[in-house]
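Subject: Structure handover

Hello,

As promised, I am passing the structure on to you. Please open it beside this message while you read.

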Amino acid sequence: MAAKIVSVDELRQHKTKDSLYVLIHGNVYDVTKFLDEHPGGDEVILAEAGQDATEAFEDVGHSDEARALLPGMLVGEFEKGSEAQLKSGAAAAQAQRMSSAVEQGSNMMYFVPLGLLGAYFAWRYYATGAL
Ligand code: HEM
């Protein structure tokens, strides 16, 4: 049987203690029942809900025993190419900040020469009494 494909929406629908999926190395695991047993506590796993937990999982340096538990909790494969959407929360906010910073920058580019031009004419008017 082909592995079930888990969409971003489905992953996001399981973000609570009552039903929790985590994404690790492109696979989605149902850790609901495991939460209470996790030696690292439930909070750390809950904090990874709805996003890619691979980095958090690897940073801890989980043992082979820990890794061996994963297949038993497998829901399916995460939808290919959906990782980008996952980050959309944080990354989109970042992109938004970037573009508004760039926009502000380019507004400055516009006003500085205009200001200089104004200053030039003011000076000329002052110096010659005519525009
Ligand atoms: C769903 C997958 C996970 C499984 C099956 C799992 C399993 C385990 C197991 C068996 C241990 C005991 C030590 C070891 O054998 O390595 C452990 C420890 C730990 N885990 Fe996880 N874990 C999972 C996800 C996570 C995530 C997403 C985090 C996020 C940060 C995390 C954080 C920790 C920490 C901090 C410890 C160390 C606890 C201590 O030694 O005091 N785990 N985990």
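Below are my notes on the sheet, the pocket and the ligand.

This is a predicted model, in which local features need pLDDT of at least 70 and side-chain atom pairs count only at pLDDT 80 or more, while totals for chains, interfaces and linings use all residues. Residues are numbered from 1 along each chain as its sequence is written, and side-chain values use heavy atoms, with hydrogens and water left out.

Let me start with the sheet. Five strands make an open sheet in the order β1-β5-β4-β3-β2, and the pairing is mixed. The edges are taken by β1 (5-6) and β2 (15-16), each of which has a single partner strand, so one side of each lacks a neighbour in the sheet. Strands here are DSSP runs of E with at least two residues, helices are runs of H or I with at least four, and both are numbered from the N terminus. Two strands count as paired if DSSP finds at least two bridges between them.

Going through the pairs:

- β1 and β5 run parallel, with two bridges; I5 is opposite E77 in β5.
- β5 (residues 74-78) is antiparallel to β4, with three bridges. G76 in β5 is the bridge partner of V28, and N27 also has a place in this pairing, opposite E77 in β5.
- β4 (residues 27-30) pairs with β3 in the antiparallel sense through four bridges, and V22 faces Y29 in β4. These two strands form a hairpin with two residues between them, and H25 in the turn has a positive phi of about 50 degrees.
- β3 and β2 are antiparallel over two bridges, with T16 opposite S19 in β3.

The largest pocket holds about 390 Å³ of space. The elements that each give two or more residues to its lining are β3, α2, α3 and α4. In all, 19 residues line this pocket, and I24, H38, I45, F57 and H62 lie nearest its centre. By class, the lining has 15 nonpolar, three polar and one charged residue. (Nonpolar covers Ala, Val, Leu, Ile, Met, Phe, Trp, Tyr, Cys and Pro; charged covers Asp, Glu, Lys and Arg; the others, Gly among them, are polar.)

For the cut-offs, a pocket is an open set of points on a 1 Å grid over the protein atoms alone, where a 1.4 Å probe fits and protein lies on both sides within 12 Å along at least five of seven lines; lining residues have an atom within 4 Å of a point. Points are joined across faces, edges and corners, and the volume is the space filled by probe spheres set on them.

Where does the ligand sit? The ligand is in the largest pocket, meaning that more than half of its atoms lie within 2 Å of the grid points. Around the ligand are 19 residues, with V31, H38, P39, H62 and S63 coming nearest; a residue is near if one of its heavy atoms lies within 4 Å. At least two residues of this shell come from each of β3 (19-24), α2 (42-46), α3 (54-59) and α4 (64-69). The shell has 14 nonpolar, four polar and one charged residue.

- H38: a polar side-chain atom is 2.7 Å from a ligand nitrogen atom.
- H62: a side-chain N or O atom is 2.7 Å from a nitrogen atom of the ligand.
- S63: a polar side-chain atom is 2.4 Å from a ligand oxygen atom.

Best wishes

How values were computed. Polar contact = N/O pair within 3.5 Å; in protein donor to acceptor, adjacent residues only side chain to side chain.
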